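The following exercises ask the reader to work through one structure step by step. Each task is followed by its solution.

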Amino acid sequence: MNQPPLDIRISPNKTYGRQGTPVRKITFHHTVASALSAVQRFLNPSSGTSAHFIVTPSKIYCCVDTDDTAWTNGKWASNLESVTIEHEGDWRFGYYNQGVIDQSAILVAWLRSLYPEATPNRHREIVATACPGDLPVELIWNKATEILYPPLPVPVVVPEPVVVPTPAPIPEPIPVPTPVPIVIPEPVVAPPPVEPPPIIVEPIIVLPIALKRSIIVMFIEWLIKFFKKG
Ligand SMILES: [Zn+2]
């Protein structure tokens with residue numbers, strides 16, 4: 001995580017290094033008075049006090065490098081293991097400042113990225129003091145956690161594309177068959193009845209008997225004549 005913007009105002013009230021003590025704590029304080037008055041006090045060598053950071057709604061002052069030991073907690077062993085943060089305002093009696101909380105969360109997130117083993121504590125857990133009043137330390141710590149470990153984005157569920165049904169092809173019009181003309185068969189014309197050929201009865205020539213006789217007579221006469229000549 002990147003270092004947040006810091007207004008550097010290095011205090012002379014500090015001990016270089018930490019005497020080999022690792023940072024185990026992030027200690028929360030409140031300034032009661034203004035942040036600027038706290039900066040002036042820390043820059044004053046005769047005050048004999050300091051803190052690593054002072055948080056305001058708009059900026060973060062850095063008065064002691066975190067590699068060095070600030071004179072904040074009123075207990076030497078605690079100073080050696082702590083990074084100390086002053087929060088502007090008198091956080092007693094219901095005071096609340098969202099800007100200070102937001103700036104502190106950014107600072108705490110960065111410090112936790114540097115010192116992952118560090119845990120939070122309040123000044124009053126170290127010595128008898130009202131500091132840091134009702135400063136919502138858990139809220140700040142949790143906001144810092146969200147900054148350090150942002151929740152995974154909810155995967156955007158890409159909706160399944162709505163499948164537009166392909167319109168059914170318009171069926172080709174079924175050709176209405178041309179009505180086959182009904183051929184009315186020509187009436188069978190019965191052939192005209194063939195007239196049987198008339199039976200031609202050969203007329204039998206009936207010779208009259210008289211004629212037959214005369215012919216016989218003539219034939220006989222002819223024979224007689226014939227034989228006479230012969
Ligand atoms: Zn304090």
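**Exercise 1.** Determine which residues point each way from strand β3, and whether they are buried or exposed.

Solution. Step 1: on one side of β3 lie Lys-25, Thr-27 and His-29, and on the other Ile-26, Phe-28 and His-30. Step 2: all of these residues are buried, where buried means that 20 or more other C-beta atoms lie within 10 Å of the residue's own, exposed means 12 or fewer, and partly exposed lies in between, with C-beta atoms placed from the backbone. Step 3: since six of the six residues of β3 (residues 25-30) are buried, the strand is largely enclosed by the rest of the structure. Strands (E, at least two residues) and helices (H or I, at least four) are DSSP runs, numbered from the N terminus.

The model is a predicted one: local features need pLDDT of at least 70, side-chain atom pairs count only at pLDDT 80 or more, and totals for chains, interfaces and linings use all residues. Residue numbers start from 1 along each chain as its sequence is written.

**Exercise 2.** State which strands pair with β3, and in what sense.

Solution. Step 1: two strands pair if DSSP finds at least two bridges between them. Step 2: six bridges join β3 to strand β7 (residues 82-87) in the parallel sense, and His-30 has His-87 of β7 as its bridge partner. Step 3: β3 also runs parallel to strand β8 (residues 119-122), with four bridges between them; here Thr-27 stands opposite Asn-121.

**Exercise 3.** Decide how far β7 is enclosed.

Solution. Step 1: Ser-82, Thr-84 and Glu-86 point one way from β7, while Val-83, Ile-85 and His-87 point the other way. Step 2: six of the six residues of β7 are buried, so the strand is largely enclosed by the rest of the structure.

**Exercise 4.** Describe the largest nonpolar core and say which element gives the largest share of it.

Solution. Step 1: a nonpolar core is a set of buried Ala, Val, Leu, Ile, Met, Phe, Trp, Tyr and Cys residues joined through C-beta atoms within 7 Å. Step 2: the largest core has 29 residues, and those with the most contacts inside it include Ala-51, Tyr-61 and Leu-107. Step 3: elements giving two or more residues to the core include β3, β4 (53-55), β7, α1 (35-43) and α4 (137-148). Step 4: the largest share, seven residues, comes from α3. Step 5: Leu-107 touches Pro-4, Phe-53, Val-55, Ile-60 and Ile-85, leaving aside residues up to four places away in sequence; two residues are in contact if their C-beta atoms, placed from the backbone, lie within 7 Å.

**Exercise 5.** Is Thr-119 buried or exposed, and which residues does Thr-119 touch?

Solution. Step 1: Thr-119 belongs to strand β8. Step 2: with 10 other C-beta atoms within 10 Å, Thr-119 is exposed. Step 3: Thr-119 touches Arg-24 and Lys-25, not counting residues up to four places away in sequence. Step 4: the C-alpha atoms of Thr-119 and Val-23 are separated by 9.3 Å, although these residues are 96 residues apart along the chain.

**Exercise 6.** Find out how many residues of helix α5 are buried, and what span the helix should have.

Solution. Step 1: the number of buried residues among the 21 of α5 is zero, so the helix lies largely in the open. Step 2: the expected span is 1.5 Å times one less than the number of residues. Step 3: for the 21 residues of α5 (residues 209-229) this should be 30 Å, and the end C-alpha atoms are 30 Å apart, which agrees.
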